[in-house]
Amino acid sequence: MSRFDQEKTRVEAVDRSVYDIKDRVDPSFEVDSGLTSAIVEKISAEKHDPEWMRIFRLKALRTYNEMALPAWGPPLDELDMEHIVTYVRPKTAMQGKWADVPEDIKNTFERLGIPEAERKSLAGVGAQYDSEVVYHNVRAEVAAQGVVYTDMESALTGPYAELVRKHFMRLVPPTDHKFAALHGAVWSGGSFVYVPAGVSVEIPLQSYFRLNAPGAGQFEHTLIIVEEGAYLHFIEGCSAPKYSVANLHAGCVELYVGKNARMRYSTIENWSKNMYNLNTKRALVEEGGTVEWVSGSFGSHTSYLYPMSVLKGARSRMEFTGITFAGAGQNLDTGVKVLHAAPNTTSHITTKSISRDGGISTFRSAVTVAPEAEGSKSSVSCESLMLDSRSRSDTVPVMDIRCDQVDVGHEAKIGRISEEAIFYLMSRGLAEEDARALIVGGFAEPIAKELPLEYAVEMNNLIHLEMKGSIG
Amino acid sequence: MNSAINRLPVPTWSWTGVNQAEDSAVLPELAVRKAPPLPYAGELPEGVELLSALPEAVASIPSGMGEAVDRFVLDHADTVCYLRAQGGKTVAPLTLTRTLSSKQSVAVTHWGISAGAGSALTVVQVLRGGADHGAAADLTQIDAEPGAVVRIIQIQLLETDSRSWSAVGARVAEGARVEVVRAVLGGSVAACGTQIQLEGRAAEYSLDTAYFGDGEQSLDFNDLVIHTGKDTHSELRTAGVLGDRSRKILRGTIDFRQGAVRAVGHENETVLLLSPTARNRTAPLILCGEELVEGQHAATVGRFEEGQLYYLCSRGLSPAQAKHLMIEARFAPVLDQIPDEALRAEILENIGRRLGQP
């Protein structure tokens, strides 16, 4: 057996069905499908919201009803809110020990490798199941540094309530777009992280979001505040089993990166292919601060995902490294937005996209340099790979430059796998399918190397899985 | 009919303002023209004849500015120039100059070019002059039959009291080539749009644009090339300078349709900003429905390159002279393709005057 045969055997051993295992749907409570003020009031009451949040939700609902669907991007015609259940509470309260999590839910997270990852390489874990967080824990030594890592509901009423109120949906107001308004109305779950000034969290925190109920929506809110001179790496994972009905994810991530602080936000998104992933992520970066986005989009039926960075402070920086892999039945519209709003700010954007088997991948971006951002620099590099002619790959970038003392560069390439490279690898004994997978793996390598090892392996496995059957 | 001008082929966030031209580019309201347009009355190069009516194959070709502008020109054209080029190599260009003045504040020209197999034709379209609320619009429709070569050179030197709209549409057959060269220097609003369909095998297209905006000028470009034929090739090159409170939007789209195997499309843009109040917007799209293609886009936006400035100053030029030279260099690829020495000199004089000769 050659070493390439062994490689293939190892790849086949990775089973996508781990994401598709469905638990029995047995919630302790769920609202009716649809979206009405009565449903929003019910969610608010069930979650014991403070009064300001109840009012906030109702106002966001009004905004949602007043706003139109986007006039751009993939079709959303088949997303019918009348058939989406916006709140499904699992049959457990949040636990601090995996042993206390109900067996079936715990087994799902075990299969996804979350408790193991927590033991090996994470400083803390939050696990959300449908609409509520079922497990949250942070290592004692990290907590001892003053780091707060908890679920949003606890944060909303606990000692950090005022801090949450001051920051909640200020970066992404409900008026931002229709699905931000939806989020504001029905959000539930998610994580709150506070890293005090000067504290460096050496190993990552991770939140994992699992949606089990068919026809349901998940609307978790992640709010992270990294104070001056602090550092945090936060990892977000998500998956769901595949159903024949549409599911919806409209989460929201708000990152506040303080002066000279650094924040890395990594995501491996592997939602099922019946999911509408309409997620909003945004970072506000103060003077000398850095935000780094690492994003892998593999799942979902339809995605709208464009993490945005507002470089508010002088010399603040943003780096974005992303990959999107669109396969059969997928229409993934992903990209990035950055606003240079202060002098000497810097952004570097590197993206790769792969389309195959009828999948549609669109890279969409906006780089805006405000008049006051003298001395700023921005570079965008976007590469797309087409694996067959049934697929599509589109690139839709915009640059808006309102300042003369800047250096802005953009380059985009689109093409196919080189036949010469395949021929060379096949002449060395690889089957064509393996040669293609190897080349695609190499194409994605700049992204993989930015991820923690375990997640880079997961991404490579996903690529190999997606590449299986790509010949013929 | 959609009244939007220069629509981005695939819309994006509306707040970027690039999905269509700004309101300042709205077409003027003109009374319906009762008199028939006058046919071109100038000299014709050898091998070119004037047509009394435009063949349907040419008339059906859409431009890059959209239906509203195409319709506007058809409804209001005061001059038409319908040409048929036959086989053989035509050397002499055909030049038509439209000049706005207080006596003629509006000029609307409809061009139709039917380039026969193996023919070659160069058309130079010059706009100059100005008038209070002056307006100049033209539509150029080109049907390039197999092996034909059509070159359109557009030079816009209007004064800043006038606006212009320049729409081009072309269908390019096997082995044929269309070249568009344009220098956009004047007008309070200058809107241009090209849509080129590379249908035949090995059809080719090149676009060279140079612009200079200052004062309150608004420049708006929408250039789309659609590759449907195999082995087709496109090159889109844009270079420009923006000063004062001028603003510019460039939409450049390379659209590879399924079946356009081995098609190659390249797009390149460089923008030099001379003022902190100038605004540049660029939306370079690559749309791809075919696996076996090569598409690339590159753009650079910014200030004078310090290394180049230093080098030129070390050779004895003053900083102002060095900057002047670097700005002129952006026009070089366009100037090189203008056959008339006097026109080249006029463009350089225009740039020099606006920069203030060092």
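What pLDDT does chain B average, and what share of the residues score at least 70? In this predicted model, chain B averages a pLDDT of 94, and 98% of the residues reach a score of at least 70. For chain A the average is 88, with 93% of the residues scoring at least 70. Within chain A, the pLDDT is below 50 over residues 1–15, a stretch that has 13 contacts in the model beyond near neighbours in sequence. The model as a whole scores ipTM 0.94 and pTM 0.92.

A search of the whole structure finds three cavities of 30 Å³ or more. The largest cavity holds about 160 Å³ of space and is lined by 18 residues, among which B:Gln125, B:Leu127, B:Asp138, B:Gln154 and B:Ser166 lie nearest its centre. Two or more residues of this lining are given by each of several elements of chain B, namely strand 4 (94–100), strand 5 (106–115), strand 6, strand 8 (149–158), strand 9 (162–172), strand 10 (177–184) and strand 11 (189–198). By class, the lining of the largest cavity comprises nine nonpolar, six polar and three charged residues.

The second largest cavity, with about 110 Å³ of space, is lined by 16 residues, of which A:Phe320, A:Gly322, A:Thr324, A:Thr334 and A:Gly335 lie nearest its centre. At least two lining residues each come from strand 16 (290–297), strand 19 (317–326), strand 20 (331–340), strand 21 and strand 22 (360–369) of chain A, and the largest share, four residues, is supplied by strand 19. The lining of the second largest cavity divides into five nonpolar residues, 10 polar residues and one charged residue.

Strand 21 of chain A, which spans residues 346–355, also contains A:Lys352. With a relative accessible area of 9%, A:Lys352 is classed as buried, because this value falls under the 20% cut-off. Leaving aside residues up to four places away in sequence, A:Lys352 touches A:Gly322, A:Ile323, A:Thr324, A:Glu383, A:Phe443, A:Pro446 and A:Ile447; of these contacts, A:Gly322 and A:Thr324 are also named among the residues nearest the centre of the second largest cavity.

Phi of B:Asn6, a residue other than glycine, is positive, near 55 degrees, and B:Asn6 lies in the segment before strand 1 (38–39), where it counts as buried at 0% relative accessibility. Phi of B:His133 is likewise positive and near 55 degrees in a residue other than glycine, but B:His133 lies in the loop between strand 6 (120–129) and strand 7 (134–144) of chain B and is exposed, with a relative accessible area of 67%.

How values were computed
Residues are numbered from 1 along each chain as its sequence is written. Chains are lettered from A and ligands numbered from 1 in the order in which they are written. This is a predicted model: local features need pLDDT of at least 70, side-chain atom pairs count only at pLDDT 80 or more; totals for chains, interfaces and linings use all residues. Side-chain values use heavy atoms; hydrogens and water are left out. Buried means under 20% relative accessible area, exposed over 50%, partly exposed in between (1.4 Å probe, protein chains only). Contact means heavy atoms within 4.5 Å. pLDDT is the predictor's confidence in each residue, from 0 to 100. On a 1 Å grid over the protein atoms alone, a cavity is a set of points where a 1.4 Å probe fits but cannot get out, and a pocket is an open set with protein on both sides within 12 Å along at least five of seven lines; lining residues have an atom within 4 Å of a point. Grid points are joined across faces, edges and corners, and a volume is the space filled by probe spheres set on the points. Ala, Val, Leu, Ile, Met, Phe, Trp, Tyr, Cys and Pro count as nonpolar, Asp, Glu, Lys and Arg as charged, and the others, Gly among them, as polar.
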